[in-house]
Amino acid sequence: MYHDAERIDLGPDSLLWRYAGDQRISFIGPTIGILQLMHPAIGAGVMEHSNFFGDPWGRIFRSLPRILGAVYDEDAGATGRIVRDFHREIKGVDEAGRRYHALDPDTFWWAHATFQFMAEQVADRFDTRRLTADQREQLYREGVEWYRRYGVSGRPVPPSRAAFQEEWDRVCAEVLEMNPAVEWVLGQLSRPRPPRLPMPLGIAAPVLRIGPVRRLAVEPLRVSAIGGMPAIVRARFDLAWSWRDQLELEAMERAVRNGWRLVPDVLRWHPTARAGWQRARRGAAAA
């Protein structure tokens, strides 16, 4: 069980360090965001306690450094507790009359589960190395250690990768639901309009408004976001997906897998992860 699980030292030798802060998470981020918003409690919390419709990308860009910090920071446990404490006042009653709290263990675990899914998807879809069954289990156990650092109840944490898959499938089939935030995101993805990005990425906005460039920039985002969804989610919510979309997705994944080795090392890692790797290399050199 979760509480009896052996503690794991997350560091440069872990699979989680290899995949969680890899910048290829950018291809999976939109999927993760939608899967989180589809959870009734998370969707309600985002709509009622943030400026989601005015700044939909801000939440992601502000949150990710500390979420990854719970993996890569020198005092990752302290970072995890900071993340937890940010959620203490996110509570209320949704439009259906259901009470919610961001620190409800089932709610908090689902948010974490999507990031666990994200790390595994980097390996499965965008990396040339294939995970063995043992490595997949190892990556899951390391993700449990990641969750432990938040200091939230481990009651809903599945004891194994297989049990995780069962619970993941159940939530996708029975718990997730459509809401105005998800509808808004899907609407944005269906229109050839570039998203509003924070600086410094926002400097590209004038170029992204050019018609052909706009379509080229947004269409891969839609294909990646919808294509990354579990099939049951696409089916339940009737998300349009064609054979042409599938071919485009496979071509994108293949191009990233084969071309990633050409990306400069400084661009391969999220800044939080890169700082962790640099600290680990300095420590190894000094030893």
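Val-71 is buried, with a relative accessible area of 1%, where buried denotes under 20% relative accessible area, exposed over 50%, and partly exposed the range in between (1.4 Å probe, protein chains only). The structure is a predicted model, in which local features need pLDDT of at least 70 and side-chain atom pairs count only at pLDDT 80 or more, whereas totals for chains, interfaces and linings use all residues. Residues are numbered from 1 along each chain as its sequence is written, and side-chain values use heavy atoms, with hydrogens and water left out.

Val-71 belongs to helix α4 (residues 56-72); helices (H or I, at least four residues) and strands (E, at least two) are DSSP runs numbered from the N terminus. When residues up to four places away in sequence are not counted, Val-71 touches Leu-16, Trp-17, Ala-76, Trp-146 and Arg-149, a contact being defined by heavy atoms within 4.5 Å. Between Val-71 and Leu-10 the C-alpha to C-alpha distance is 7.0 Å, although 61 residues separate them in sequence.

Burial also marks helix α2 (residues 29-37), which is largely enclosed by the rest of the structure because eight of its nine residues are buried. The buried residues of α2 are Pro-30, Thr-31, Ile-32, Gly-33, Ile-34, Leu-35, Gln-36 and Leu-37.

One cavity of 30 Å³ or more is present in the structure, a cavity being a set of points, on a 1 Å grid over the protein atoms alone, where a 1.4 Å probe fits but cannot get out. By class, the lining of the largest cavity comprises five nonpolar residues, three polar and no charged, with Ala, Val, Leu, Ile, Met, Phe, Trp, Tyr, Cys and Pro counted as nonpolar, Asp, Glu, Lys and Arg as charged, and the others, Gly among them, as polar.

Salt bridges, each defined as a side-chain nitrogen of Lys or Arg within 4 Å of a carboxyl oxygen of Asp or Glu, number 16 by this rule. One of them joins Glu-177 to Arg-98, with an N to O distance of 2.7 Å. This pair links distant parts of the chain, 79 residues apart, with Glu-177 in the loop between α8 (161-175) and α9 (180-190) and Arg-98 in the loop between β1 (91-93) and β2 (99-101). Glu-177 is partly exposed at 25% relative accessible area, and Arg-98 is likewise partly exposed, at 36%.

Within helix α8, Glu-167 and Arg-170 are three residues apart and are therefore separated by about one helical turn, and their side chains form a salt bridge of 2.8 Å, N to O. Glu-167 counts as partly exposed at 22% relative accessibility, as does Arg-170 at 34%. A further salt bridge connects Arg-88 with Asp-85, whose closest N and O atoms lie 2.9 Å apart; Arg-88 is partly exposed at 39%, and Asp-85 is partly exposed at 35%.

Methods:
1 Å grid on protein atoms, 1.4 Å probe; cavity = no way out; pocket = protein on both sides within 12 Å on 5 of 7 lines; lining within 4 Å. Points joined across faces, edges and corners; volume = space filled by probe spheres on them.
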